Amino acid sequence: MNREFNPILIVTILILIIGTVSCNNEGPKTKPNVLFIAVDDLRPELNCFGETQIISPNIDRLASEGLVFKRAYCNVPVCGASRASLLTGTRPTRARFKNYSTWIDKDNPDVPTLPEYFRQNGYYTIGNSKIAHHANDGVGSWDEEWRPKIVTYSWRDYQVPENDSIEKNYGRGPVCEMADVPDNAYFDGRIAEKTILDLSRLKEMGKPFFLGVGFLKPHLPFNAPTKYWEIYSENNIQLPESYLRPEDVPEIAFENNSGEVRKHSDVPIKGLIPDSVAKKMIHGYYACVSYVDAQIGKVLNELETLGLSTNTIVVLWGDHGWTLGEHRLWGKQTNFETSLRTPLIIKAPGYIGNAKNQSVVELLDIYPTLCELCGLELPGHLEGRSMVRLLKNPSEIWDECAIAKWKNGMTFIQNNYFYTEWSKTSDSIFATMLYDHAVDPIEIENIADQEENKELIRQLSGSLHQSWGADFE
């Protein structure tokens with residue numbers, strides 16, 4: 001049968017075909033970058049967490065653009081182990097991630113670290129300063145790794161010659177230093193400068209990047225330029241409400257005894273720390289937070305200036321909390337909330353900003369969250385959970401718990417309960433501690449031994465043992 005040629009019909013069909021192909025072939029979407037900001041020993045005593053003592057406008061600005069996780073907890077309250085757990089997405093065990101000197105490549109070498117996994121998936125990775133505790137740990141994590149050069153006697157970075165001399169001759173200098181120097185005299189100023197240069201280079205590369213930057217303050221000693229000390233008046237520095245040693249608390253809870261602080265030349269080795277020294281340390285801590293906040297602000301400003309902020313996820317996290325006189329303790333390395341609760345802020349393009357979430361989350365949850373935000377398949381070894389659902393709906397309170405370990409003490413955090421048990425094997429519990437934060441948020445009354453709480457203790461202990469991971473023992 002003869003068919004009449006119809007050019008109009010042919011053209012129409014071709015247009016429909018081209019349009020269909022065009023709609024179904026949008027091309028690859030640009031992956032978001034990641035700016036991964038770690039801050040050493042930063043506790044959530046910031047305006048964006050509801051506190052007013054510390055001046056930190058740049059972290060607060062980031063919080064106003066992202067989601068603040070008000071109940072985020074580390075998994076080990078000491079830097080090396082906490083970072084190893086976060087970077088591998090795996091929990092501590094009795095034998096793994098135990099102390100500050102933890103090496104990822106010794107404790108869990110068979111899983112890719114967070115930056116390594118991003119590198120395997122096409123990201124260019126740069127690690128500036130302390131992300132893992134040790135330089136060159138987590139082999140394969142970074143295309144480039146850099147740490148600031150030590151130009152004084154030691155990494156404690158005293159800028160006052162007298163203090164540097166004390167450090168050199170006596171093993172440890174003073175606990176605080178106020179020096180009339182520019183920001184880049186100390187490490188964190190130079191870390192910010194290096195990161196700003198890297199942002200320009202990374203923009204020119206045109207590849208998605210994972211840029212880790214580890215700021216070192218407010219880690220001891222509390223050294224900062226004079227102008228940051230002058231933000232605060234020592235006359236206005238207050239000792240914490242819980243500046244006392246509570247009764248009915250197992251002695252092992254105080255085992256650390258503020259050892260890191262007491263090694264400094266102007267802090268008593270034993271006994272009560274004088275109030276004047278205590279207030280000076282609080283003053284120094286505040287100055288250091290304001291100093292590192294200023295450095296973070298420089299990096300965030302450059303991100304904006306370069307036009308990178310619209311496609312860059314920013315994560316700011318502290319590796320653990322820090323006890324600043326509460327319970328007459330100074331430092332981390334305890335199972336109290338002041339050591340375990342940490343700041344966590346995530347700003348992700350396209351997600352709700354200026355929001356707060358009250359769910360209990362863990363630093364373990366960062367790894368799967370970043371994978372999901374960047375469209376990467378979640379590796380099978382992860383033990384945390386993605387928080388993307390909370391970024392989508394900040395008012396949601398998910399039914400999750402947090403678990404933290406310090407030596408033989410395991411803390412289980414669920415709802416308002418903060419339960420700790422000490423054991424050497426799972427059936428050899430020799431001390432317990434329980435606080436109900438609904439009525440005792442500063443942890444003064446240990447209610448673990450009260451008769452009416454026996455069933456609650458049994459339930460919390462059982463949940464802890466079920467949740468602490470298959471490899472814990």
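Trainee: Which strands does helix α2 lie across?
Mentor: Helix α2 (residues 57-65) lies across β2 (67-73), β8, β11 and β12, with contact meaning heavy atoms within 4.5 Å. It runs at about 55 degrees to β11; axes are lines fitted to C-alpha atoms, for helices over the stretch in contact, and angles go from 0 to 180 degrees between N-to-C directions. Helices (H or I, at least four residues) and strands (E, at least two) are DSSP runs, numbered from the N terminus.

Trainee: What sort of model is this?
Mentor: A predicted one, where local features need pLDDT of at least 70, side-chain atom pairs count only at pLDDT 80 or more, and totals for chains, interfaces and linings use all residues. Residues are numbered from 1 along each chain as its sequence is written, and side-chain values use heavy atoms, with hydrogens and water left out.

Trainee: OK, what order do the strands of the open sheet come in?
Mentor: The order is β4-β3-β6-β1-β8-β11-β2-β12, eight strands with mixed pairing; two strands pair if DSSP finds at least two bridges between them. At the edges sit β4 (144-146) and β12 (355-362), each pairing on one side only. From one strand to the next, the twist averages 15 degrees.

Trainee: In which sense do β8 and β11 pair?
Mentor: Antiparallel, over four bridges, with β8 covering residues 312-318 and β11 residues 344-347. V314 stands opposite K347 in β11.

Trainee: Back to helices. At what angle do α2 and α10 pack?
Mentor: About 45 degrees, with their axes 7 Å apart. That makes α2 oblique to α10, since under 35 degrees counts as roughly parallel, over 145 as roughly antiparallel, 65 to 115 as roughly perpendicular and the rest as oblique.

Trainee: And which residues in α2 meet α10?
Mentor: P57, N58, I59, R61, L62 and E65 do, and among their partners in α10 are D293, I296 and L300.

Trainee: New topic: how many aromatic pairs are there?
Mentor: The structure holds 16, where rings of Phe, Tyr and Trp (its six-membered ring) pair if their centres lie within 6.5 Å, and planes under 30 degrees apart count as stacked, over 60 as edge-to-face and the rest as tilted. One of them is F36 with F210, a tilted pair at 5.2 Å centre to centre and 45 degrees between the planes. F36 lies in strand β1 and F210 in strand β6, so the pair ties together parts 174 residues apart in sequence.

Trainee: Is F36 buried or exposed?
Mentor: F36 is buried, and so is F210 (under 20% relative accessible area; exposed is over 50%, partly exposed in between, with a 1.4 Å probe and protein chains only).
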